[in-house]
Amino acid sequence: MRVLVLNAGSSSLKASVIEDGATLLRTAVSWGADTTRVAGRSNGLRAVLETFERARILPGSFDAVGHRIVHGGDVFTAPIVIDDAAIVSLDALGELAPLHSGIAIETIRAIRNALPGLTNVGCFDTAFHAALPASAARYPVPEAWNTEWGIRRFGFHGLSVAWGVERAAVLLDRPPAELGLVVAHLGSGCSVTAVEDGRSLSTSMGFTPLEGLMMGTRAGSVDPGILIHLLRTRRIELEELADTLEHRSGLLGVSGRSADVRELETAADAGDGPARLALEMFTARAAAGIAAAAVSLRRFDALVFTGGIGEHGGRVRSAIVDKLAVVGLGPIASDETGEDRVLAAISDVRRTAGVEAPAVVRIEAREDLIVARAVTALVQGQHVSG
């Protein structure tokens, strides 16, 4: 099967053509650090299809389209064929991931109009975390919040985490079922997930993708008392508060200039204090999140970096790992090559506690391969059953 995979993320539209597991071509349209602030997003899909046509990959050659969708809630815990009814359900979940859901649905509608008749399949980031242990999924709030209002931790970046686990197992030459991993997806959105036996045990993002680590334009976790105070004293209205936490916080909010790590590193090197502070806060919070995730594991075999910053931000990776020396990680080089690799091998020397030092691995995020595989299985399964 030849599958067109569309990943409408918080900073770009990524597109791939995958045929029987092989990547024929990949392209991307960048929307900056905050997709929702960009006008003319519909041109992104047109540009993607034109890129494929120039490479003589014609729209008529696709057998199906796969979509990465951030939030499936309790409704969607496995890949689905997207029909009109599914779009209605996805619209209803949109408020739980406002930076992502609307853009994904917009992309789904656009490709259905552009290529009518093709099967569209949705694959959900939340599905990887659907079986989180109750101790990780439940918030310490009254039970009715969970049972009546559906307040629970969903977790995100699941497609990226699934690929990171698969590739780490290959690089470390051990089956996923024998590995205890912490996967740090660091990009415009950031999360850490503890994975054991291939299953999600804990993850930093929660009911929405706003919880957890400091991100590009998102605040991550802040004292909820601050938010109550600001609303109670009428210093800020609800919609402005939501807008600030989603679009004007994180690296952008602290630096006052950008959510781009490369730009902030250049500014910090030139003596920009707010840029330096933003980077220090980002690395400190990422390291703390990784350490917190590690305590969910019976053994900590490797830390996996992925996502745009995780893959390409060598200085950030090194700064994070330096802070994690206390949990046994050793220093790594600021390697900027693009290939998946082990940056710090598991040590042969046992520490005093009798535990091997965790490896540090860098992996390119390839959610598209996970999506294409799921699309193929679902569509071919339908044909068999039909």
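Which residue of β6 is the bridge partner of V81?

1. The partner of V81 is V121 in β6, where helices (H or I, at least four residues) and strands (E, at least two) are DSSP runs numbered from the N terminus. This is a predicted model in which local features need pLDDT of at least 70 and side-chain atom pairs count only at pLDDT 80 or more, whereas totals for chains, interfaces and linings use all residues. Residues are numbered from 1 along each chain as its sequence is written, and side-chain values use heavy atoms, with hydrogens and water left out.

2. Strand β5 (residues 80-81) pairs with β6 in the antiparallel sense over 2 bridges, two strands being paired if DSSP finds at least two bridges between them. Strand β4 (residues 64-69) and β6, by contrast, run parallel and are joined by 6 bridges; within this pairing, R68 has C123 of β6 as its bridge partner.

3. Strand β6 (residues 119-124) is mostly covered, with 5 of its 6 residues buried; buried means under 20% relative accessible area, exposed over 50%, and partly exposed in between, using a 1.4 Å probe and protein chains only. C123 is buried at a relative accessible area of 2%, and C190 is buried at 0%. A disulfide is a covalent bond between the sulfur atoms of two cysteines. If a disulfide is taken as a pair of cysteine sulfur atoms within 2.5 Å, the count comes to 0.

4. Helix α6 (residues 158-172) has 15 residues and should span 21 Å at 1.5 Å a residue, which agrees with the 21 Å between its end C-alpha atoms; the expected span is 1.5 Å times one less than the number of residues. Its buried residues include L159, V161, W163, V165 and L172. After α6 comes D173, whose phi is positive, near 55 degrees.

5. The second largest pocket has a volume of about 1,000 Å³, and of the 25 residues that line this pocket, T208, L210, P224, L227 and L245 are the closest to its centre. On a 1 Å grid over the protein atoms alone, a pocket is an open set of points where a 1.4 Å probe fits, with protein on both sides within 12 Å along at least five of seven lines, and lining residues have an atom within 4 Å of a point. A volume is the space filled by probe spheres set on the points, which are joined across faces, edges and corners.

6. To the lining of the second largest pocket, α7 (224-232) and α8 (238-247) each supply at least two residues, and α8 gives the most, with 6 residues. The lining divides into 17 nonpolar, 4 polar and 4 charged residues, where Ala, Val, Leu, Ile, Met, Phe, Trp, Tyr, Cys and Pro count as nonpolar, Asp, Glu, Lys and Arg as charged, and the others, Gly among them, as polar.
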